[in-house]
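Subject: Model handover

Hello,

Here is the structure for your files. My notes follow below it.

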Amino acid sequence: MQDAIGPDQFFQRALAEGEILLPKCDDCGAYHFFPRVLCPHCHGAAISWKQAGGKGRVHTTTVVRRKPERGGDYNVCVVELDEGVRMMSRVEGIAPGEVVIDMPVTAFVGEAEGVPAVLFKPSEG
């Protein structure tokens, strides 16, 4: 399925189809993110793509302040997924200041600046 495209393009194509795929090294078994051609853990080149479980916790968070006429404040965070990788993103569905460290979140494919992106929402219960 990867053909002659690079790992970034492969990841973006999956997002465009509504899937969140993570690269996993076939040599050492570790997930990694951002997508790349060599495993950053063992430098192996045998990489396969696995569906992300979608569960994680907020690792860091901040609020970016903007004037209301420019869209208002928004959250920027780093989420650590259960697979062990960290992604910079944002949590939607709650006020930016209500996002806290260690908050359980669930990933979904949304849109950021007109392109598909991995976004998060607070987990249920």
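Helices (H or I, at least four residues) and strands (E, at least two) are DSSP runs, numbered from the N terminus. This is a predicted model, in which local features need pLDDT of at least 70 and side-chain atom pairs count only at pLDDT 80 or more, while totals for chains, interfaces and linings use all residues. Residues are numbered from 1 along each chain as its sequence is written, and side-chain values use heavy atoms, with hydrogens and water left out.

Ser89 first. Ser89 sits in strand β5, residues 86-89. Ser89 is buried at 11% relative accessibility. Buried means under 20% relative accessible area, exposed over 50%, and partly exposed in between (1.4 Å probe, protein chains only). A polar atom of the Ser89 side chain lies 2.6 Å from the backbone oxygen of Val118. Beyond four places in sequence, Ser89 contacts (heavy atoms within 4.5 Å) Asn75, Val76, Cys77, Val118, Leu119 and Phe120.

Next, Ala117. Strand β7, residues 115-122, holds Ala117. Ala117 has 14% relative accessibility and counts as buried.

Last, the cysteines. A disulfide is a pair of cysteine sulfur atoms within 2.5 Å. The model has zero disulfides by that rule. Cys25 is in none; its nearest cysteine sulfur, that of Cys42, is 3.6 Å away. Cys25 is buried, at 2% relative accessibility. Cys42 is partly exposed, at 34%.

Best wishes

Technical notes: A polar contact is a pair of N or O atoms within 3.5 Å; within protein, one must be able to donate a hydrogen and the other to accept it, and residues adjacent in sequence count only if both atoms are side-chain atoms.
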